[in-house]
Amino acid sequence: MEPLYQYAWLIPVLPLVGAMVVGLGLISFNQATNRLRQANAVFIISLLGASMVLSFALLWSQIQGHPEYTQMIEWAAAGNFHLQMGYTLDHLSALMCVIVTTVAFLVMVYTDGYMAHDPGYVRFYAYLSIFSASMLGLVISPNLVQVYIFWELVGMCSYLLIGFWFDRKAAADACQKAFVTNRVGDFGLLLGMLGIYWATGTFEFDLMGERLEGLVSSGMIAPALAALFAVLVFLGPVAKSAQFPLHVWLPDAMEGPTPISALIHAATMVAAGVFLVARMYPVFEHIPVAMTTIAWTGAVTSFLGATIALTQNDIKKGLAYSTISQLGYMVMAMGIGAYSAGLFHLMTHAYFKAMLFLCSGSVIHGMEGVVGHDPVLAQDMRLMGGLRKYMPLTSLAFLIGTLAICGIPPFAGFWSKDEILGLAFEANAALWLVGWLTAGLTAFYMFRMYFMTFEGEFRGNDMDIRTELSMAAAPVFGPGAMDVKELDHEADDHGHDDHGHSDSPHESPLTMTLPLLILAIPSTVIGLLGKPWENSFEGFIYAPGEVIEEVSHFDWTEFGIMAGNSVGIALIGITVASLMYLQHKIDPKAIADKFPALYQFSLNKWYFDDVYYNVFVMGCRRLARQIMEVDYRVIDGAVNLTGLATLVSGEGLKYLENGRAQFYALIVFGAVLGFVIVFSVV
């Protein structure tokens, strides 16, 4: 097995090589490379497939009990400072490699069908490949410096992919918003890194935790200072995993093509934040203030995302807010010390959320045949309905994903979410209550999406609704945030017609439906690894330094009460959604009219975008305008005044320099006479 570990560095390098080769081809031989569309796709998918096979082999080796393996080389040295780079393979990194490679592989297969007519097909594959390589490099990084390098590469790739259709203003705005918001968190991460290094003298995860705990217990560092360092580091995951209050970028990331939405929301960018919290667990677990901050940040985020998702009509934005909510569960689990439960939910969520996003892409692909390539219309659930009879495979996969995320047994989400709620109840009843209420909201808005999309009558040919949606005011960010006139622009076609050519949607091709059906398998059965009476996952993934004790007796009564509570509130949410959107016994509009303030609060996303726009965007513009005035009037004024003085004095002096000796003698005589008069008076 040892040679297998010695070549584990190939896991991130293979997709990186694929991206480099195709990228160089696009730069040097653009037309020829773009003509070899299928060949480039097969090349990139094959390299990632090889990484996936190697990842599975390493995971199997870890399951069999192979010890942690680390390979390091000295990267830089100056005096007593030594910086090493390399890779480490343990239970966590092996599991993350499998999650990333499997989801990325299926997303790439799906991309062949979804982006088949797009002129940027080859470029998109190159971006996907370097994105996957960056995330894989991050998860096998042995220290915080190397994590930070790949952390920034992941951010760069997300910028490129969210803004892939950069000729649309909405996409350009969305990628800039994501980039700037993440820079806020990354700056905090950098400050926290430097602070911890100043205190401990190391970037190694285990050593940082041990030394920081020793310094605090000995009184050499104040607990408040250690807590400050930990919270600053946590700012990085807050931005990357879209936690409150830096969550605002994630729904707008829907402007990218749907395959990248699936990859960002399932296995790469947002997973990076939760992964870093797991890696930094040796530091966080000894700082109660940091753990409390992490737990409540996750709880507030889960509730916030669920409440906003209630009123979303764009299918991708609804799923985006559900991602924010589920990430909140994971972060809350980390904050209460439920290390393995948080990672278990990360794994199960990666599969069913990737499937849900790919299903939404399949729906959009089918709707474009009716409404044209217009995201305002193709993604709005008010124009859908009855798609189950037109897209049976997509509807089946979406239903499985919906049941999984709602926590209905025996689907994967039930086991992971129920474990988090059970441990939250032991840690803090208030946290459990927030998570429990969020579970009910999740069931409601997910089945609302399912019923609006796949049940009832198809509404895509209703010209009144289409006209109303087209004329509605475009949002500042996100899907539909574009001038409708842009649809007339040739560059906006992306290889599609602007007008529909069918009266009904159609099922997607095999390259798109096959990944959905494959992802449906882990979404259904993978949760059984974490069944509480024989938790194989917890025995494999455990917190650093934790000793797993054998549980001799399982309390079925306690499990029945906790599981019954979580499933019960989910069933209530499903029932209410059914009454409102399937049986139409309750009018959603009447409820919105009855509680207009709450409805508007949810519809306007708790007004976070408005507040940030007025405070930060407009505030920065006003500040920049004032600085420009100072620059124009004071700085430029002083420079211009100096120039004017020089010009005037030069113009005056030139009349005194006429070359006549008599004139110069007169000046000298006048000067002498003046001095004589002055001194005589004095």
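Predicted model: local features only at pLDDT ≥ 70, side-chain atom pairs only at ≥ 80, totals over all residues.
The protein chain has 682 residues, and 55% of them count as buried. Its secondary structure consists of 29 helices and 2 strands. Taken along the principal axes, the C-alpha atoms fill a box of roughly 115 × 70 × 60 Å. Among the contacts with a separation of 6 or more, 81% are accounted for by residues 24 or more positions apart.

Rolling a probe the size of a water molecule over the atoms shows where empty space is left. In this model the count comes to 4 cavities of 30 Å³ or more. The largest cavity has a volume of about 200 Å³. Its lining comprises 20 residues, and those nearest the centre are Tyr114, Trp165, Glu368, His373 and Gln379. Two helices, α17 (339-371) and α18 (375-378), each supply at least two residues of this lining. The contribution of α17, with 3 residues, is the most that the lining of the largest cavity receives. By class, the lining of the largest cavity divides into 8 nonpolar, 6 polar and 6 charged residues.

The second largest cavity holds about 50 Å³ of space. The residues around the second largest cavity are Cys406, Gly407, Phe414, Lys417, Asp418, Leu421, Ala439, Ser566 and Val567. Here α20 (412-427) and α25 (556-581) each supply at least two lining residues, and the largest share, 4 residues, comes from α20. The lining of the second largest cavity is made up of 5 nonpolar, 2 polar and 2 charged residues.

A search of the whole structure finds 32 aromatic pairs. One of them joins Tyr69 and Tyr87 in a tilted arrangement, with 6.2 Å centre to centre and 35° between the planes. Tyr69 belongs to strand β1 (residues 69-78) and Tyr87 to strand β2 (residues 81-89), so this pair ties together parts that are 18 residues apart in sequence. Tyr69 and Tyr87 are both buried. A further pair, formed by Tyr450 and Phe451, is edge-to-face, with 5.9 Å centre to centre and 65° between the planes. Both Tyr450 and Phe451 are buried as well. Elsewhere, ring pairs link Phe244, Phe601, Trp606, Tyr607, Phe608, Tyr612 and Phe616 into a cluster.

Glu455 is found in the loop between α21 (429-454) and α22 (463-471). Is Glu455 buried or exposed? Its relative accessibility is 14%, and Glu455 therefore counts as buried, the limit for that class being under 20%. The side chain of Glu455 also makes a polar contact of 2.9 Å with the side chain of Arg388. Leaving aside residues up to four places away in sequence, Glu455 touches Gly385, Gly386, Arg388, Tyr450 and Leu582.

The peptide bond from Phe244 to Pro245 is cis, with omega near 5°. Phe244 is also one of the residues in the aromatic cluster, while Pro245 is found in the loop between α10 (223-240) and α11 (249-252). The peptide bond from Pro409 to Pro410 is likewise cis, with omega near 5°. Pro410 has its place in the loop between α19 (392-405) and α20, and α20 is the helix that gives the largest share of the lining of the second largest cavity.

For His584, phi is near 60°, and the residue is found in the loop between α25 and α26 (588-594). With 60% relative accessibility, His584 counts as exposed, because the cut-off for that class is over 50%. For Tyr607, phi is near 65°. Tyr607 is found in the loop between α27 (596-603) and α28 (608-654). Tyr607 is partly exposed, its relative accessible area being 34%, and its ring takes part in the cluster that includes Phe244.

Note on methods:
Residues numbered from 1 in each chain as written. Heavy atoms only, no water. Buried < 20%, exposed > 50% of the residue type's maximum accessible area, 1.4 Å probe, protein only. Polar contact = N/O pair within 3.5 Å; in protein donor to acceptor, adjacent residues only side chain to side chain. Contact = heavy atoms within 4.5 Å. 1 Å grid on protein atoms, 1.4 Å probe; cavity = no way out; pocket = protein on both sides within 12 Å on 5 of 7 lines; lining within 4 Å. Points joined across faces, edges and corners; volume = space filled by probe spheres on them. Nonpolar A, V, L, I, M, F, W, Y, C, P; charged D, E, K, R; others polar. Phe/Tyr/Trp six-rings, centres within 6.5 Å; stacked < 30°, edge-to-face > 60°.
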